[in-house]
Protein chains: 2
Amino acid sequence: MDSNKKMDRRQLVTLLGGLAGAGAAAHLFASTEKSAAAAGASGMQQTPWPYKPLDPDAVAQRAYESYLKGHCMYGSFEAIVGTVADQLGGPYKDFPYAMFKYGAGGVNGWATLCGSLNGSVAAIQLLSPNPNPLIDNLMAWYEVAPLPNFYPKGAKFPEVRSMAGTPLCHESIAHWCKKAEKKSYSPERVERCGTLTASVARQAVVLLNEQAAGKTMEVFGLSKQAQGCSGCHEKGGMVENIRAKMECGECHTAEVKSGHGK
Amino acid sequence: MDSNKKMDRRQLVTLLGGLAGAGAAAHLFASTEKSAAAAGASGMQQTPWPYKPLDPDAVAQRAYESYLKGHCMYGSFEAIVGTVADQLGGPYKDFPYAMFKYGAGGVNGWATLCGSLNGSVAAIQLLSPNPNPLIDNLMAWYEVAPLPNFYPKGAKFPEVRSMAGTPLCHESIAHWCKKAEKKSYSPERVERCGTLTASVARQAVVLLNEQAAGKTMEVFGLSKQAQGCSGCHEKGGMVENIRAKMECGECHTAEVKSGHGK
C-alpha cells in the first residue's frame with residue numbers, strides 16, 4: 001500500500017479535530033484516570049508524577065542513546081521519565097528502568113506492540129493527569145506519520161521515512177524495510193529503530209507539553225475502512241466481537257480484497 | 001479455525017523441549033539480560049528484585065481483584081510485583097503501580113498486546129535473573145492454551161475456555177466471544193478478561209517459581225506454518241523484512257488461503 005492511500009485512511013492527528021463525532025470524543029475522555037493521589041498514595045507511588053514541560057529534542061537524543069543500552073521500550077521510557085526524575089530527585093531517581101527491556105522488538109522479539117510506543121505510553125500514564133487522549137493521539141500519529149522524523153547525533157545512515165500502518169512492531173519494520181530497501185537484521189534497520197524510538201519519545205513529550213500548557217487534545221477519527229469494520233464488529237454491531245481502535249485492513253487483507261461485509 | 005487445528009500449530013510449551021533446534025535455543029538464550037546490579041544500581045533500582053517462590057493461586061486471586069481496580073495490565077503486574085513488594089517492604093512498596101493502567105484493552109482500547117501479558121512480562125523482567133525464556137514460554141503458552149484456566153472467588157459466570165491464537169487483545173477476545181457466544185461488551189466478557197488476567201499472572205508465577213527452583217525452561221517451536229513464513233521473511237530469508245515469534249496465519253489469512261510462498 002503506498003503512502004497516499006495510507007494518508008487517506010487515517011489523517012494526521014493534528015488535522016483530526018473536526019472528523020471525530022461527539023460520541024468518539026466522549027468515549028475517549030470518559031475513562032480519564034483518577035489520580036492515585038485520590039486513593040491516598042504518597043511519594044513516588046502517587047501518580048501522576050509532577051511534570052514540567054521538557055525539551056523534546058533533548059529527550060529524543062537521550063532516547064536514542066538509551067535505545068543503544070536497552071532497546072526501544074527502555075529507550076523511550078528512560079528518556080522521558082528519567083529526565084523528569086533527574087529534575088525531581090530523591091526517591092524518583094530510584095525507579096527500576098531496566099524492567100522495560102522486555103519491550104524490545106514488540107516484547108522480546110515477538111513483534112507485537114512497538115516498544116517505542118509501549119515505553120512512551122507508560123511514561124504518559126505515569127506523568128499525565130489525563131493520559132487517555134494523549135495515548136490515543138500518539139498511537140494514531142504512529143500509524144500514519146512518516147517516521148522516523150528525528151535523526152539524533154550519532155546516527156550515521158541516510159534518513160528513510162515510512163508509515164507503520166499499525167502500532168505493531170513487525171508491520172512497522174516491514175514497511176520501513178520495503179521503503180529503505182534494507183533487510184530487517186541490517187545495521188540500517190537497527191539504527192532506524194533507534195531513531196524511531198527518539199521520534200516517538202519526542203512526540204510523547206510534545207503532547208505532554210501541550211497538555212501541561214492547557215491545550216485541549218484533539219481526538220482522532222477512524223479511517224473509513226475501519227469504520228466499516230467497526231459497524232459490525234464493534235459495540236452495538238451485528239457481530240460485536242472486538243474492542244479496538246487499531247487500523248484493521250493492514251493485516252486483514254483478505255477481508256478487504258474480498259469486499260467482506262459490503 | 002477450530003481448536004484441533006490450533007493445537008497442531010503450536011504445541012503447548014510443556015511439550016516443546018524436543019521440537020526446537022539448537023539454533024532456536026541459542027537465539028532465545030543469547031539475549032539474557034545482564035542485571036542492573038552489574039551496572040552499579042542499588043536498592044529498588046537494582047534488578048532483578050529478590051524473588052522467593054510465591055503461591056500461584058494467591059497471586060491469581062489478587063490479580064482478579066486488581067483487574068477490577070485497574071484492568072488487565074495493572075491487575076497482573078500489581079498482583080505479582082505487589083506480592084513481592086509486600087515481602088520486601090521498604091522502598092519496594094513505593095512503586096507507582098497505577099502507571100500500568102495504560103495497558104487496558106491492548107493499550108487504552110487499541111487492542112494490540114493483551115494487557116495481562118504486558119503486565120506479566122514486565123513483572124518477569126523485573127523479577128527474573130534470566131527473563132527471556134520465561135517470557136517466550138508465557139507468550140507461546142498464551143497463544144495455544146485453553147484460557148482462562150483459573151476461576152477466582154467472586155467470578156459468577158460459567159467457565160468458558162478458548163484459545164487466543166496470538167498475543168493480541170482483539171484476537172483473544174474475538175475467539176472467546178465466538179466460543180462463549182457472548183458479545184465483546186457483555187458483562188461475561190468483562191469478567192472473562194479478569195479471569196484471564198488471573199490465569200496469566202498465575203502462569204507467570206509458575207514459571208518464576210520453576211526458574212527459582214533451578215528448573216531449565218523449555219524452549220518453544222514455531223508452528224509449521226509460521227516456519228514456512230519465516231523461511232522467506234525472517235533472518236537469512238529471501239525477503240528478510242520482519243523479526244517475529246508470533247503466529248502469522250491468524251491475521252494473514254489471505255496469504256494462507258492463497259498458498260502464498262509455496
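**Entry 1: a helix to start with**

I began with helix α4 (residues 115–127) of chain B, where 13 residues at 1.5 Å a residue should span 18 Å, and I found its end C-alpha atoms 18 Å apart, which agrees. The expected span here is 1.5 Å times one less than the number of residues. Helices are DSSP runs of H or I with at least four residues, strands are runs of E with at least two, and both are numbered from the N terminus. I then looked at burial: 13 of the 13 residues of α4(B) are buried, so the helix is largely enclosed by the rest of the structure. A residue is called buried if 20 or more other C-beta atoms lie within 10 Å of its own, exposed if 12 or fewer, and partly exposed in between, with C-beta atoms placed from the backbone.

**Entry 2: what kind of model this is**

I noted that this is a predicted model, in which local features need pLDDT of at least 70, side-chain atom pairs count only at pLDDT 80 or more, and totals for chains, interfaces and linings use all residues. Residues are numbered from 1 along each chain as its sequence is written, while chains are lettered from A and ligands numbered from 1 in the order in which they are written.

The model scores ipTM 0.88 and pTM 0.89. pLDDT is the predictor's confidence in each residue, from 0 to 100. Chain A averages 86, and 84% of its residues score at least 70. Where does the pLDDT of chain A stay under 50? I found residues 1–8, which have six contacts beyond four places in sequence. Residues 13–38 are also below 50, with 41 contacts in the model beyond near neighbours in sequence. I remind myself that where pLDDT is low, the predicted coordinates should not be read in detail.

**Entry 3: chain A as a whole**

I counted nine helices and zero strands in chain A. Of its 262 residues, 55% are buried. Two residues are in contact if their C-beta atoms, placed from the backbone, lie within 7 Å. Among contacts in chain A with a separation of 6 or more, 69% are between residues 24 or more positions apart.

Chain A is divided into domain 1 (3–21 + 47–221) and domain 2 (222–262), with bounds from an automatic or database domain assignment. Their centres, taken over C-alpha atoms, are separated by 26 Å. Nine residues of domain 1 are in contact with eight residues of domain 2. On the domain 1 side I see one nonpolar, three polar and five charged residues. In this scheme Ala, Val, Leu, Ile, Met, Phe, Trp, Tyr, Cys and Pro count as nonpolar, Asp, Glu, Lys and Arg as charged, and the others, Gly among them, as polar.

**Entry 4: where the chains meet**

How many residues of chain A are in contact with chain B? I found 54, and they meet 54 residues of chain B. On the chain A side, α4 (115–127), α5 (131–144), α6 (169–180) and α9 (253–258) each supply at least two residues. That side divides into 29 nonpolar, 14 polar and 11 charged residues.

I also laid chain A on chain B: a turn of 180° and a shift of 0.0 Å along the axis give an RMSD of 0.0 Å. Copies are superposed by least squares on the C-alpha atoms of residues with pLDDT of at least 70 in both. The two copies are thus related as by a two-fold rotation axis. In chain A, the C-alpha nearest the axis is that of A:A254, 2.2 Å from it. The same surface serves both copies, as 100% of the contact residues of chain A recur in chain B.

**Entry 5: a few single residues**

In the loop between α5 and α6 of chain A I stopped at A:P148; the peptide bond from A:L147 to A:P148 is cis, with omega near 0°. A:Y151 is in the loop between α5 and α6 as well. With 18 C-beta neighbours inside 10 Å, A:Y151 counts as partly exposed. Leaving out residues up to four places away in sequence, A:Y151 touches A:E159 and A:T195.

Is A:V107 buried or exposed? A:V107 is buried, with 28 other C-beta atoms within 10 Å. Its phi is near 80°, a positive value in a residue other than glycine. B:E181 has a positive phi too, near 55°, but B:E181 is exposed, with 9 other C-beta atoms within 10 Å.
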